[in-house]
Amino acid sequence: MSHGSAARPLRKPFEDDVLEGLRAPRKHLPCRLLYDACGAELFEQITTLDAYYPTRTELSLLHQHLSQIAHQVGPEARVIEPGSGAAVKTRLLLGALDRPSSFVPIDVAHDQLQLAAARLRADFPQIEIQPVTADYTRPFELPVPRHEARRTLVFFPGSTIGNFEPSEARAFLELLGEIAGPDRMLLLGADATRDPALLIRAYDDEQGVTAAFNKNVLAHLNRTRGATFDVDAFVHAAIWNPAASRIEMHLVSKRRQIVRLQGATITFAPGEPIVTEHCYKHAPETMRALLGAAGWRTRQVFASSHVPYRLWLGEPMSRSR
Ligand code: AVJ
C-alpha cells in the first residue's frame, strides 16, 4: 500500500503502480492485488490453518478481553472497520459492546460488502449498518448516522497495519483519527512475532494455501489486465527480513522468461523475485511510537501469553478525562 499525507492524493492510479512496480529494479506488486474475490477466499482458508497463528490468537484475545474493552468504550458507540472481510471478529465486538449505535464496514469489494452488511442487519437488527464502498487507504467520508453516537471506535484487527510501510502506517493511523473525530477510540491487533521458524510455518504453510494465495496475484493480472504470466513458472517464498522486521511474500521466477502486460515487456532472470507483500512485525515500542506519532495515546495493551500478538486500545493524544 502506498500512502502519503491525508491532504494530497495518497496513491497513483492502479495502472501506474502495477507497471511501475514490475519495471522497478526490485520488482514488486501492490499487496491489494492479493485480495480479489479468489484471493479473499484463499485468505479465509489461511486463517483456518493450524500454522497461521495470528487469527486464532487474536480471537482468543478478543474472547478474553472484550467485556473489559466494551466497558472502556462505553455505551452507544459507532464502530468503523476498514477492510471488514468475513466479519467474524466484528460480530464478537458488536455483541460485546453496550448498545452500539451503528456499524460502518469499509471495503473496496462492493458485492461482498453488501452481502456482509445484509447478514449483519439480520443478526443485529437494532444496529444501523452503513457500509461504505471505498479504498480505505484514501480519504473517505463517513455516512451520517440516524442517531448521534457517543463515541467512534475504529476497529482494525488482523495485523493488517503490518502491510503498510511504517511511514504509510503512521499517515493511515492519523487519517483514521481525523475521520473518527474527537471522541474516538481505536482497537488494533498487531503481531510482533520475530521467530523465523514460526513465521515461515505460518507464511509458507505445508498445505500450500499461502502459495496459492500468493500466486493468485499473477492469475488475477492475467484475468483482469491481459498479462501473460505463466503462473507455474513462479514459486512462492516467504522471506524473513530481520533488519526491516518484516516477513516478505515473494514470487520467484523459476527461469529466464518474458511476460507481457499492457504493451510492456517484463524480463525475469532465473531466481528473480517479485515482492507481493510486506508483513511488518513491529516491536511493541515501535507500535506505541507509531500510534503516538499518529495522535493516538495507548490506553491499554492486551498481550497473548502464547505468541507476541497484542490488542492495542488507543485514545486521542490530547484527551482530558
Ligand atoms: C491479514 C493481511 C495482515 O500479513 O498476516 C497472510 C496477510 N499474507 N498470509 C498477514 C497474509 C500471507 C495477513 N494480513
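## Exercises on a predicted model

Q262 sits in the loop that links β9 (257–261) to β10 (264–268). Helices and strands here are DSSP runs (helices H or I, at least four residues; strands E, at least two), numbered from the N terminus. Before we start, please note that this is a predicted model, in which local features need pLDDT of at least 70 and side-chain atom pairs count only at pLDDT 80 or more, while totals for chains, interfaces and linings use all residues. Residues are numbered from 1 along each chain as its sequence is written, and side-chain values use heavy atoms, with hydrogens and water left out.

### Exercise 1: backbone angles in loops

*Step 1.* Begin with the expectation: most residues other than glycine have a negative phi.

*Step 2.* Q262 is partly exposed, with a relative accessible area of 39%. On this scale, buried means under 20%, exposed over 50%, and partly exposed in between (1.4 Å probe, protein chains only).

*Step 3.* R99 belongs to the loop between α4 (88–96) and β2 (102–107), and at 52% relative accessible area it is exposed.

### Exercise 2: the ligand shell

*Step 1.* Look for polar contacts (pairs of N or O atoms within 3.5 Å). Y52 has a side-chain N or O atom 2.5 Å from an oxygen atom of the ligand, and a polar side-chain atom of Y203 is likewise 2.5 Å from a ligand oxygen. For E277, a polar side-chain atom is 2.7 Å from a ligand nitrogen.

*Step 2.* Check the cover: of the 350 Å² of accessible area that the ligand has on its own, the protein covers 96%. These areas come from the Shrake-Rupley method with a 1.4 Å probe.

### Exercise 3: the nonpolar cores

Which residues touch the most other members of the largest nonpolar core?

*Step 1.* Define the set: buried Ala, Val, Leu, Ile, Met, Phe, Trp, Tyr and Cys residues joined through side-chain atoms within 4.5 Å.

*Step 2.* In the largest core, of 62 residues, L187, Y203 and F229 touch the most other members. Helix α3 (residues 53–73) gives the most to this core, with seven residues.

*Step 3.* Inspect F229: beyond four places in sequence, its contacts (heavy atoms within 4.5 Å) include L22, F234, V259 and I274.

*Step 4.* Apart from this core lies another, of 28 residues, including I80, F172, A190 and M287.

### Exercise 4: a residue in a strand

Is A238 buried or exposed, and what does A238 touch?

*Step 1.* A238 is part of strand β7 (residues 234–241), and its relative accessible area of 11% makes it buried.

*Step 2.* Leaving out residues up to four places away in sequence, A238 touches I200, Y203, D204, I247, E248 and M249.

Conventions
A polar contact is a pair of N or O atoms within 3.5 Å; within protein, one must be able to donate a hydrogen and the other to accept it, and residues adjacent in sequence count only if both atoms are side-chain atoms.
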